[in-house]
Amino acid sequence: MPTASDATVHPARALHGVVRIPGDKSISHRYAMLAAIARGTSRFHNFSAARDCASTLACIQQLGAAHRRAGDGAIEVTGVGETLQAPGVPLDCGNSGSTMRMLGGILAGQPFMSELFGDESLSRRPMARIIKPLSEMGAEISSSDSGRPPLKIQGGHLKAIHYKPEVASAQVKSCILFAGLFANGETTVEEPIRTRDHGELALRAFGADVDHHANIATIRGGQPLSAIEAHIPGDLSSAAFFLCAAALFPGSQLSLPGILMNPTRARLLDILIQMGLKITVGQIEQQHGELVGAIEVQGATWKGGTIAGADTAALIDEIPALAAIAPYSENGLEVRDARELRVKESDRIAAVATNLRKMGAEVEERPEGIRIPGRQKLHGVEVDSFGDHRIAMAFAVAALRAEGETVIHASDAAGVSYPTFFNDLRSITSE
Ligand code: S3P
């Protein structure tokens with residue numbers, strides 16, 4: 001029995017048109033948080049529509065940084081400077097690991113106690129990765145069993161550290177650099193693999209000196225931030241669903257203007273080209289250190305391939321979509337070194353394997369990856385989002401080439417990153 005949160009996706013014949021992708025989620029979180037501790041009012045055009053970013057805005061509001069939507073659609077955040085207001089209530093991070101982990105870094109430097117909690121999925125996610133460095137810097141943090149939320153953070157004066165995280169995580173890197181603003185001396189993060197650098201670029205945009213090259217980033221404490229005005233580029237990880245959809249139909253042709261082209265995220269485009277898509281990028285511009293460009297994509301023969309090592313880290317958010325379309329490829333897809341996928345909003349390896357098998361595919365699930373043979377046929381059935389936005393959208397894409405219609409339960413999870421996804425998908429699909 002379908003419910004309001006189910007989406008039915010019909011097989012498509014081709015995809016044509018223009019999709020305007022909402023602002024990047026990773027940048028929107030960081031800009032909002034830094035705007036809260038900056039002096040003055042920041043203005044953000046094309047701020048992410050994601051529920052996750054609304055969680056960040058609601059949290060900073062509780063910390064004294066008011067926000068409002070201006071007449072031209074921009075989000076304005078009025079900063080309170082480096083010392084926020086003690087929140088009267090626990091801070092609700094919703095489904096957003098980014099909110100909890102990165103705001104945690106700022107709260108570690110504040111002269112008060114705060115509590116951060118999240119929904120059922122966030123309550124299962126590992127926080128030891130931020131508790132350990134922030135405790136070394138001097139914050140007092142308690143969590144529920146084995147480092148899961150809720151977190152209680154007693155902040156204060158911090159001391160600088162040189163930290164080498166075990167997992168490659170941009171959220172952890174940003175958390176430590178944000179905390180580094182409140183530390184005496186220079187804080188350095190040395191990552192095992194270079195991750196997205198939006199935190200470093202955002203700190204610079206707000207006026208802080210950050211030294212970053214390769215996998216090492218350093219910030220000096222005590223630097224004041226000043227408000228900015230910025231246009232946030234379209235989210236490449238959201239665009240990825242349309243790029244994967246285009247891969248399914250050789251005749252498809254899509255334009256995606258104004259998309260984030262930051263090199264630490266754009267490895268996706270190289271891999272998609274290797275796997276068979278025809279992609280051109282034009283109108284490259286730069287704002288506050290972030291590159292943006294217009295993508296034109298055409299479907300061709302979809303070959304598939306292997307994703308491993310640093311590529312797995314660089315494509316971590318796009319792997320669900322690549323895996324969901326892998327059965328339609330010529331050579332299949334193998335994903336390795338993807339243990340982190342098991343601790344995202346859902347266990348994404350298990351979720352992809354379960355849904356693909358339901359649709360009739362053969363799948364080999366591995367502890368740290370997945371192998372999906374190519375040249376398989378999928379049929380439309382009922383699948384689940386597992387409450388995970390990227391799983392909901394990945395299977396909407398897979399459904400476009402299935403035989404018969406597919407029902408995606410709890411498809412409203414898509415709103416966590418992309419509330420208008422199903423409408424946008426419908427607008428470019430010919431059945
Ligand atoms: C993000 C980093 C990645 C990614 C998440 C957003 C960020 O998480 O999966 O969607 O904005 O820094 P990890 O840092 O846990 O790898």
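An oxygen atom of the ligand lies 2.6 Å from an N or O atom in the side chain of D317, a polar contact in the sense of a pair of N or O atoms within 3.5 Å. This is a predicted model, in which local features need pLDDT of at least 70 and side-chain atom pairs count only at pLDDT 80 or more, while totals for chains, interfaces and linings use all residues. Residues are numbered from 1 along each chain as its sequence is written, and side-chain values use heavy atoms, with hydrogens and water left out.

S169 places a polar side-chain atom 2.6 Å from an oxygen atom of the ligand. A170 contributes through its backbone, with an N or O atom 3.1 Å from an oxygen atom of the ligand. Taken alone, the ligand exposes 380 Å², and the protein buries 94% of that (accessible areas by the Shrake-Rupley method with a 1.4 Å probe).

The shell around the ligand, made of residues with a heavy atom within 4 Å of it, consists of S26, R30, S98, R101, S169, A170, Q171, R196, I316, D317 and K344. By class, two of the shell residues are nonpolar, four are polar and five are charged; here Asp, Glu, Lys and Arg count as charged, Ala, Val, Leu, Ile, Met, Phe, Trp, Tyr, Cys and Pro as nonpolar, and the others, Gly among them, as polar. The elements that give two or more residues to this shell are α1 (25-36), α3 (97-107) and α5 (170-180). Helices (H or I, at least four residues) and strands (E, at least two) are DSSP runs, numbered from the N terminus.

Turning to the strands, an open sheet of four strands has the order β12-β14-β16-β15 with mixed pairing; two strands pair if DSSP finds at least two bridges between them. β12 (162-163) and β15 (210-213) stand at the edges with a single partner strand each, so one side of each has no neighbour in the sheet. β12 pairs with β14 (residues 186-190) in the parallel sense over two bridges, and Y163 stands opposite V189 in β14.

Elsewhere, β25 (residues 369-372) pairs with β23 (residues 333-335) in the antiparallel sense over three bridges, with I370 in β25 as the bridge partner of V335. β25 is also joined by three bridges to β24 (residues 364-366), again antiparallel. In this pairing R366 stands opposite G369, and β24 and β25 form a hairpin with two residues between them.

How values were computed:
A polar contact is a pair of N or O atoms within 3.5 Å; within protein, one must be able to donate a hydrogen and the other to accept it, and residues adjacent in sequence count only if both atoms are side-chain atoms.
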